[in-house]
Structures are given as structure tokens and as C-alpha cells.
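Visitor: Please take a close look at one helix pair in this model. I would like the geometry first, then the residues, then the surroundings.

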Amino acid sequence: MKKKIGALFDWDGVIADSGAAHEASWKELARLNGLPLPDGFFKATFGRRNLEIIMGVMRWTPDPREAQRLSDQKEEIYRAAIAKNGLPTIRGAIAFVRALKSAGIPCAVGSSTPRENLGQAIEVLGMGNDFGALATAEDVERGKPAPDVYIKAAERLGLGPRDCAVFEDSLAGIAAAARAGAKKIALSTTNPESFWKARETPEERPDLVIPDFSGFSPEGLLKIFDA
């Protein structure tokens, strides 16, 4: 009997094609509060927690309470946008998650996104029955590249992270998967395939790079564990 394995998914850029909505939300936040936004800010901060972005990268405020206010406002703007406009997904993502479930491979989300955002997005996409577990920013003390969120997601599936594959689109996320001991599958949705192939350290190098889920199958996932 083969051992049980699980699939752990980042959310933004992996399941949800939400980059445009998030970027627009940051721009609206900056406009409403009269704050500066440098060119290329979104890619430079992708995958990081809001408070780290607001206090550490943008340096908008040293006050944790003000940083939290700005973070909450940004997410309110984002939720209002997806409620109004809907949320596109990465090609083949929903079908792949459901194929894994049908094949007996449980799926979980491990994301730095706030739980309220994730819950609304899952509802918007009609994926309420597709994931066996969720682990979000509120569940861990350390964000990616720390492995905490993937360790927690695997634990909630009743698995060890070494028995799971992580699907990610950010370097911090791939590093988090590596530190958790999971298999690492990178999507070239945010960073191109050439970016991933140029990674030199084992922590940053994925086991596989795919453009999206349209040509991938549960059998393809199982092969990674058999390799």
C-alpha cells in the first residue's frame, strides 16, 4: 500500500489569479492615505506579510497600531473589489484540486493571506468543499520563508510535511516548503521558468516547474514522490 500524500497550495498566484486586484488595492490604500508607492513595489513585496511591507519595506509608519490600521484597510479594499468584480483563477487550478480530491489526495491551503480574505475568495470561487484544511496568517507567528504555515497545513491534514507537495509561485514560498521538508513545485505565474531554473541553492530550487495546472495531473504529482 502506498503511503498517503497531501497537496499544499499557496493561494495568491497559485489558485487565485489575484495579483491585479491586490496591486490595485495597495494603490488605492496609498491614494486614500497620501502615501508614496515606488515603481515595482508589488513584485518586490509579493508574498510578504502586510505589516512587513508597511513597516519594513515601505516604511510608511513605525507605529504597529497604525500599520495594522493600514493593513486592515487594504484588505477591506481588496475584499470589496473581489466581491464586486469576481476573482479569476490560475488555469486548471480548480479542476486539478478536485481531481486530487477524487484520487484520494487531500488538499490544504497554506497562505500568508488573512483568513477573512481567504474565506471570501473560496466562497466567491465556490470551492468551499475542496480543501481539507486551511492555514493562514493568523495561525502562525512567522511568515514565509519560515516553514510554519506549511507545517501547520500538513498537520491539519493529519500528515507530516515530508509527505506533502507544496505548490508555490514565490521564492519565499519555495524556501518555506524546503524548510518544511516538503516537495517543491513552482508555478511560473509570477516568476518565469528561467527564473526558477537559475536558482542555485537546494532551498530555492523547485523539484518541478509548471506554467499552470492545465497539463498537470494527480499521476504527475505521484511521480515526484516516486522519483
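Guide: The axes of α4 and α6 come within 10 Å and cross at roughly 5°. Axes here are lines fitted to C-alpha atoms, for helices over the stretch in contact, with angles from 0 to 180 degrees between N-to-C directions. Angles under 35 degrees count as roughly parallel, and α4 and α6 are therefore roughly parallel to each other. Helices are DSSP runs (H or I, at least four residues), and strands are E runs of at least two, numbered from the N terminus.

The model is predicted: local features need pLDDT of at least 70, side-chain atom pairs count only at pLDDT 80 or more, and totals for chains, interfaces and linings use all residues. Residues are numbered from 1 along each chain as its sequence is written, and side-chain values use heavy atoms, without hydrogens and water.

Now the residues. From α4, Glu75, Tyr78, Arg79, Ile82 and Ala83 meet Glu116, Asn117, Gln120, Ala121 and Val124 of α6. Contact means heavy atoms within 4.5 Å. This α4–α6 contact divides into five nonpolar, two polar and three charged residues. Ala, Val, Leu, Ile, Met, Phe, Trp, Tyr, Cys and Pro count as nonpolar, Asp, Glu, Lys and Arg as charged, and the others, Gly among them, as polar.

Next, the surroundings. The largest nonpolar core has 34 residues. Such a core joins buried (under 20% relative accessible area, 1.4 Å probe, protein chains only) Ala, Val, Leu, Ile, Met, Phe, Trp, Tyr and Cys through side-chain atoms within 4.5 Å. Both α4 (64–85) and α6 (115–125) are among the elements that each supply at least two residues of this core. In the chain, 47% of the 227 residues count as buried.

Definitions and conventions: Buried means under 20% relative accessible area, exposed over 50%, partly exposed in between (1.4 Å probe, protein chains only). Angles under 35 degrees count as roughly parallel, over 145 as roughly antiparallel, 65 to 115 as roughly perpendicular and the rest as oblique.
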